[in-house]
Amino acid sequence: MCLRPEPSPLPGRRKRFFAILSLRNCILEALQVTNLKAYYGKAQVLQGLNLRAEAGAVTAILGRNGAGKTTFLKSLMRLGPRVDGEIAILGKSTSGMSADAIARLGVAYMPQDVRVFARLSVLENIQVAARTVPNPRPLSEILDVLPEIEPKLEQPAGTLSGGQQQLVGIARSLSMRCRLLLMDEPTEGLMPRLVTQVGAILRRLATEGVAVVIVEQNVGLILEIGHAIHIVEKGVIKWQGTAEDVISAKVIDRYMGVNVLDEPEGKAGTL
């Protein structure tokens, strides 16, 4: 027998409370991926991947080349592969959305092959990104985080080195005040000093409440900044946990052939 609960003396207040609680959960869970499958033609790359990323945290994805990491990020943005499964960003399903519509939810995507507008100046590249949002981050704040690009502001972005173009890509993402940042190997081609700086930037964004999802080959960086680490193999999540869990379980060695325990202190392996 099911007893009917007594009516609440404050139904309006209870309703508001649960609405606020639900909104808070949606905000904390910036990304929810359920049974995600991705195809290029008849070839299936993602085999039913499940992952969640929270606001204020760096969620890292590791895996060998060809494991499906880049395809995963492209699938989130509806770029390229045909996708089946459920993707919710900031509490909203992205089913049927274009990449532009997903970006307007508050998502910034920095692909592995960073694309700058070669003929535009560095400043103009940043301004183009800033104009896509109603409340962009001031240039002064961006330069405070990335002082290296200040002397290059008037220089055509296409004349910069690959590493400098990576910094311009990060500057554009910063300008958008995104709530979910997707990054595909942002430290590729960067000097060690700049790799450390990128790590500091991502930690800073996380403290501001941004959900950062990063695909990286630099295991040492991920162990330093990652709150949640996922290892992908053949299109599925094979392991997930914290940086401490990764080291104690020796899963980096098992799935990727990198033994971080044998590396000198402060120089964990790079794939």
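## A charge over a ring

The charged end of Arg82 sits over the ring of Tyr39, at 4.3 Å from the ring centre. A charge counts as over a ring if NZ of Lys or CZ of Arg is within 6 Å of the ring centre and within 35 degrees of the ring normal. Aromatic pairs number zero in the structure; such a pair requires rings of Phe, Tyr or Trp (its six-membered ring) with centres within 6.5 Å.

## Basis of the values

This is a predicted model, in which local features need pLDDT of at least 70 and side-chain atom pairs count only at pLDDT 80 or more, while totals for chains, interfaces and linings use all residues. Residues are numbered from 1 along each chain as its sequence is written, and side-chain values use heavy atoms, with hydrogens and water left out.

## The largest pocket

The largest pocket holds about 810 Å³ of space. On a 1 Å grid over the protein atoms alone, a pocket is an open set of points with protein on both sides within 12 Å along at least five of seven lines, and a cavity is a set where a 1.4 Å probe fits but cannot get out; lining residues have an atom within 4 Å of a point. A volume is the space filled by probe spheres set on the points, which are joined across faces, edges and corners.

The lining of this pocket has 28 residues, and Ala103, Tyr109, Pro111, Arg172 and Met176 lie nearest the centre. By class, 15 are nonpolar, six polar and seven charged. At least two lining residues come from each of α2 (69-76), α3 (99-104), β6 (107-110), α4 (122-130) and α6 (162-175). Domain 1 (31-106 + 178-258) and domain 2 (113-174) each supply at least three; the bounds come from an automatic or database domain assignment.

## The cavity

There is one cavity of 30 Å³ or more, and the largest cavity has a volume of about 30 Å³. Its lining consists of Arg137, Val145, Leu174, Ile201, Arg204, Leu205 and Glu208. Four of these are nonpolar, none polar and three charged. Helix α7 (residues 192-207) gives the most to this lining, with three residues.

Strands β9 (residues 228-233) and β10 (residues 236-241) pair in the antiparallel sense over five bridges; pairing takes at least two bridges found by DSSP. Strands are DSSP runs of E with at least two residues, and helices are runs of H or I with at least four. Ile231 stands opposite Trp239 in β10. Two residues lie between the strands of this hairpin, where Lys234 takes a positive phi near 55°.

Terms used. Nonpolar A, V, L, I, M, F, W, Y, C, P; charged D, E, K, R; others polar. Phe/Tyr/Trp six-rings, centres within 6.5 Å; stacked < 30°, edge-to-face > 60°.
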